[in-house]
Amino acid sequence: MEPAGKNELIISDVTLGYGRVPVIRHFSLPPLRRGSLTALIGPNAAGKSTLLRGLAGLGDITGSVRLDGQELVGRPRAERAARLGYMPQTLPSGIGLSVLETVVGALRASPPANTRTESPSAAPIQRAYEALAEIGIAELANRSLSALSGGQRQMASLAQVVVRRPEVLLLDEPTSALDLRYQALVMKQAVRLARQHGMIVLIVLHDIALAAQYADQIAILHQGALHDFGTPANVVTSAMLAAVYEVEARVEHCTKGTLQIIVDQAE
Ligand SMILES: Nc1ncnc2c1ncn2[C@@H]1O[C@H](COP(=O)(O)OP(=O)(O)OP(=O)(O)O)[C@@H](O)[C@H]1O
Ligand SMILES: [Mg+2]
């Protein structure tokens, strides 16, 4: 029998915020399994970024976050960073380094904690190139990060996280600046990383249709608390959109089975 919590990320009774005011209160999720992709959705200011930052080890968090049965809360930041890769919503700008240099820098700053990589012994530069090629931006390798478009910078930032092959991938709105093709590429890549490398992927998204298309399960955060958790078909409903987003909306299924959301009224 597997030891308790093996291959799972278990978030339980987590509270965190800024100063004395908690934003996330006693938040728990069902276990997130290796190989799965979970979308975290919810209105502006619901606490999605706060939660992700807390899971990544930024900000004071109480409660329990266990990976493979091991408690992460209270562990040193570097140890958490090696196991959980975090891409923030707001990206740093104005760095005069090339894209490749920033990816190599990310690899050196936080080497992978495990050996589940395809080429663990490869030189950092080779691994960085591979990461850029993997997400389809090899041609940006020698461009200066400060001279990229918003979407290009978002892709470069993603490369800095995936190159480390973390066990848990925490991505805060990684597709918000991307065109339709790159949105699909990033989501497919996230699914592939989950399935092929056994990563646990948690992605914040505002595009609920995109979340429904690619996520195995969706967690809905509302005012710092979990509103619902389940498969896209079960949780994305008109009733949820009314209760959480305060819109009158229809959820339609297209012929290929994907969900479409049509907002009829917002006040
Ligand atoms: N650095 C901060 N100091 C104080 N309060 C903050 C800080 N960052 C966020 N907050 C507050 O915490 C709450 C949750 O913010 P958070 O950024 O987690 O929301 P979010 O769900 O990520 O929203 P969005 O979809 O707009 O990114 C908001 O009320 C916000 O004003
Ligand atoms: Mg946010």
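Ligand 1 is surrounded by 13 residues, a residue being counted when one of its heavy atoms lies within 4 Å of the ligand; the closest are Ala-45, Lys-48, Ser-49, Thr-50 and His-206. The model is a predicted one, in which local features need pLDDT of at least 70 and side-chain atom pairs count only at pLDDT 80 or more, while totals for chains, interfaces and linings use all residues. Residues are numbered from 1 along each chain as its sequence is written, chains are lettered from A and ligands numbered from 1 in the order in which they are written, and side-chain values use heavy atoms, with hydrogens and water left out.

Helix α1 (residues 48-55) contributes three residues to the shell around ligand 1, the largest share. Helices (DSSP runs of H or I, at least four residues) and strands (runs of E, at least two) are numbered from the N terminus. By class, the shell holds five nonpolar, six polar and two charged residues. Here Ala, Val, Leu, Ile, Met, Phe, Trp, Tyr, Cys and Pro count as nonpolar, Asp, Glu, Lys and Arg as charged, and the others, Gly among them, as polar.

Polar contacts (pairs of N or O atoms within 3.5 Å) also link the protein to the ligand. In the side chain of Ser-49, an N or O atom is 2.8 Å from an oxygen atom of ligand 1; for Gln-89, the corresponding distance to a ligand oxygen atom is 3.0 Å. Tyr-18 places a polar side-chain atom 3.4 Å from a nitrogen atom of ligand 1.

Attention now turns to a pair of helices. The axes of α3 (residues 99-109) and α4 (residues 124-134) come within 9 Å and cross at roughly 115°, where axes are lines fitted to C-alpha atoms over the stretch in contact and angles run from 0 to 180 degrees between N-to-C directions. The residues of this contact comprise 10 nonpolar, no polar and two charged.

Finally, His-222 lies in strand β10 (residues 217-222). Leaving aside residues up to four places away in sequence, His-222 touches Pro-43, Ala-46, His-227, Ala-243 and Val-244, contact meaning heavy atoms within 4.5 Å.

Note on methods: Polar contact = N/O pair within 3.5 Å; in protein donor to acceptor, adjacent residues only side chain to side chain.
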